[in-house]
Amino acid sequence: MKRAKRMDLFQSSIFTELKNMKLDYMKRTGNTTIDFSVGSPNIAPEPSIMKALQDAIMVPENYKYAINELPEMKAAIHDWYKDRYHVELTNDEMICLQGSQEALSTLFLAMCDPGDIVLVPDPYYPIFSDGPKIAGAKVEYMPLLEEYNYIIQLDKIDEQIAKKAKMMIVSYPNNPTCAIAPDSFYEELIAFAKKYDIVVLHDNAYSELVFDGKVGKSFLSFAGAKEVGIELNSFSKTYGMAGARLGVCVGNKEVIECYNTLKSNMDYGIFLPVQYAGIEALRHGGASIHSTCQAYQDRRDALCEIFDSVGWHIASSPATMFAWAKIPDQYEDSYAFTKDLLEKTGIVVTPGQAFGVHGKKYVRLALVQDIEDIKEAAQRIKKSEIFRLNRYIGD
């Protein structure tokens, strides 16, 4: 039996690999682990959201094919984008998703032919690279470097590549680097996309997890954005609905129409009870957004302060539910560090190389553990002396 040649481009997910490493460690040692690898929220949705889902699940008629979004769902998306971002959307400028990852994995089938170029940041969330490859597109990477605060340097993109590019993926607040972009970047991005006729896909999953009193923005709130692109937004992080799989794709109506045609041949819409929960979230779930953001900020502060006290200095993340941390100098790469950290402490982190070559000397930590678990992790690190050795080499 022969598999498709495209599968030669893919390996098992890094998170599957980490799970297997974790299970093997626990089986061999009998020790517990503290897992910072997967960004799966452990903050539950607001009770009213769960109640809306619960009530809708008990209605027999809600088990039919959804086909299209509920009118109330589109109205709620319209009002939320208008109130939150001051962006006016029409019905043909929005479509619901089974989580934003759906569009990241299949949109390129609608927009790209084999061999078309898609510009992708590096480091990148894995599906940013995998989605174009599924469609047979060619990926060209845009480095995100610490010296530029992880902002894409548009003027450093090779002009010949830019002329050939069909699409580009941009995401701020950024996963995994946690960076946020200034307004000037979006203005330059729109001008760049117009100049080279490139469709921008902006992933805005973390716009509600921006810390220290700052407020996240929408790509579509900048003049000309709808002319060149679309934006993805998610209920997963904002409302704690990760497992419910609900997201939105909004913006350029030509792209939305094209993708909607593809989706109509692939699925039967979002389970109606999930839509009703989403409507409740957009209409009345705002009270939980601030407390959710504050919880992640508190975890960030604890992680940075407590880990620093045992020798691991981690830059304070301005946004997202992650921390992007440098590894000790003595390790060749982040895979080696991740394995050693697990063996010596039982702590699981994600190697930065899983997000691209520019993540070689970094790891990502998801802020999905309570502060008491963060303290316990710090004590394990202190006992392991991994960072004592790092300081000695640095001296």
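Because the model is predicted, local features need pLDDT of at least 70 and side-chain atom pairs count only at pLDDT 80 or more, while totals for chains, interfaces and linings use all residues. Residues are numbered from 1 along each chain as its sequence is written, and side-chain values use heavy atoms, with hydrogens and water left out.

E2 runs antiparallel to E8 and is joined to it by four bridges, with Met94 standing opposite Val250. Strand E7 (residues 229-234) pairs with E8 in the antiparallel sense over five bridges, and there Asn233 stands opposite Val248.

Helix H10 (residues 253-264) packs against helix H4 (residues 100-111) at an angle of about 100 degrees, with their axes 9 Å apart; axes are lines fitted to C-alpha atoms, for helices over the stretch in contact, and angles run from 0 to 180 degrees between N-to-C directions. H4 and H10 are therefore roughly perpendicular to each other, since angles of 65 to 115 degrees count as such, those under 35 as roughly parallel, those over 145 as roughly antiparallel and the rest as oblique. Among the residues of H4 that meet H10 are Glu102, Thr106 and Leu109, and the H10 side includes Val255, Tyr259 and Lys263, contact meaning heavy atoms within 4.5 Å. Lys263, in helix H10, is buried, with a relative accessible area of 6%. Leaving aside its neighbours within four places in sequence, Lys263 is in contact with Ile95, Cys96, Leu97 and Glu102.

The backbone has some sites that deserve attention. Most residues other than glycine have a negative phi, and most peptide bonds are trans. The peptide bond from Asp122 to Pro123 is cis, with omega near 10 degrees, and Pro123 lies in the loop between strand E3 (117-122) and helix H5 (126-134). The bond from Tyr172 to Pro173 is also cis, with omega near -5 degrees, and Pro173 is found in the loop between strand E5 (165-170) and helix H7 (183-196). That loop between E5 and H7 holds Cys178 as well, which has a positive phi of about 75 degrees although it is not a glycine, and Cys178 is buried, with a relative accessible area of 1%. His86 likewise has a positive phi, of about 60 degrees, without being a glycine, but His86 is exposed, with a relative accessible area of 71%.

Finally, a search of the whole structure finds zero disulfides, a disulfide being a pair of cysteine sulfur atoms within 2.5 Å. For Cys249, the nearest cysteine sulfur, that of Cys96, is 10 Å away.

Terms used:
Helices (H or I, at least four residues) and strands (E, at least two) are DSSP runs, numbered from the N terminus. Buried means under 20% relative accessible area, exposed over 50%, partly exposed in between (1.4 Å probe, protein chains only). Two strands pair if DSSP finds at least two bridges between them.
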